[in-house]
Amino acid sequence: MTDTTEAAEGTDTLTRLEQEGEIAADYLEGLLDIADLDGDIDMDVEGDRAAVSIISDSSSRDLHKLVGRDGEVLEALQELTRLAVHRETGDRSRLMLDIAGFRARKREELTQLATDAVERAQSGGEPVKLKPMTPFERKVVHDAVKAAGLRSESEGEEPQRCVVVLP
């Protein structure tokens, strides 16, 4: 493949992901209006997916209602937003939604958890099994384990699926 073909495909992908972000932002703006919540929408492309965040200058206490306990409401809103994008584009979306920085904080915590598990696996020479996690949480842990030079795998069935860090 030539460089121009690869560049064109990269531009097409970026354009598609930006379009996903625009559709998601419009959907979420409507949702915020209905719920009478204040929040600004921030769009970005991270890797191979659109990333949309709802942020607020004021007390983000209201936005925490959209996160829910352990991010349950956030997960549901992400799925609804992906469905809204799918309805408009006809393509399955892998869009990531963050509200009030919840996922960003969670990513930091999970990266630390993975680092600790890697150290335990290396020092003990035994696999380290972590608690059950959502697909987002498992992906963050797998990425952190890989970055540390070890392997990990998921085992079990949802909702009890967990990550095992291999020495």
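This is a predicted model: local features need pLDDT of at least 70, side-chain atom pairs count only at pLDDT 80 or more; totals for chains, interfaces and linings use all residues.

Colleague: How far apart are Arg69 and Ile23?

Modeller: In space they are 27 Å apart, going from C-alpha to C-alpha, and in sequence Arg69 and Ile23 are 46 residues apart.

Colleague: Switching topic. Where does Ser93 lie?

Modeller: Also in a loop: Ser93 sits between helix 3 and strand 3 (96-99).

Colleague: Buried or exposed, that Ser93?

Modeller: Buried, because the relative accessibility of Ser93 is 4%.

Colleague: What does the side chain of Ser93 reach?

Modeller: The backbone nitrogen of Leu95, at 3.1 Å. Leaving out residues up to four places away in sequence, Ser93 also touches Glu20, Arg82 and Val85.

Colleague: Now the strands. How do strand 1 and strand 2 run?

Modeller: They're antiparallel: strand 1 (residues 40-46) and strand 2 (residues 49-55) are joined by seven bridges. Together they make a hairpin, with two residues between the strands.

Colleague: Which residue in that turn has a positive phi?

Modeller: Gly47, with a phi of about 65°.

Colleague: And which residue in strand 2 stands opposite Asp42?

Modeller: That's Ser53.

Colleague: Last topic, cavities. How many of 30 Å³ or more turn up?

Modeller: A search of the whole structure finds one. The largest cavity has a volume of about 60 Å³.

Colleague: Which helices supply at least two residues each to the lining of the largest cavity?

Modeller: Helix 3 (72-89), helix 4 (102-124) and helix 5 (135-147). Helix 4 gives the most, with three residues.

Colleague: Which residues line the largest cavity, then?

Modeller: Here's the list: Asp70, Gly71, Leu74, Glu75, Phe102, Arg103, Lys106, Thr134, Phe136 and Glu137.

Colleague: And how does that lining split by class?

Modeller: Five of the lining residues are charged, three are nonpolar and two are polar.

Definitions and conventions: Residues are numbered from 1 along each chain as its sequence is written. Side-chain values use heavy atoms; hydrogens and water are left out. On a 1 Å grid over the protein atoms alone, a cavity is a set of points where a 1.4 Å probe fits but cannot get out, and a pocket is an open set with protein on both sides within 12 Å along at least five of seven lines; lining residues have an atom within 4 Å of a point. Grid points are joined across faces, edges and corners, and a volume is the space filled by probe spheres set on the points. Helices (H or I, at least four residues) and strands (E, at least two) are DSSP runs, numbered from the N terminus. Ala, Val, Leu, Ile, Met, Phe, Trp, Tyr, Cys and Pro count as nonpolar, Asp, Glu, Lys and Arg as charged, and the others, Gly among them, as polar. Buried means under 20% relative accessible area, exposed over 50%, partly exposed in between (1.4 Å probe, protein chains only). A polar contact is a pair of N or O atoms within 3.5 Å; within protein, one must be able to donate a hydrogen and the other to accept it, and residues adjacent in sequence count only if both atoms are side-chain atoms. Contact means heavy atoms within 4.5 Å. Two strands pair if DSSP finds at least two bridges between them.
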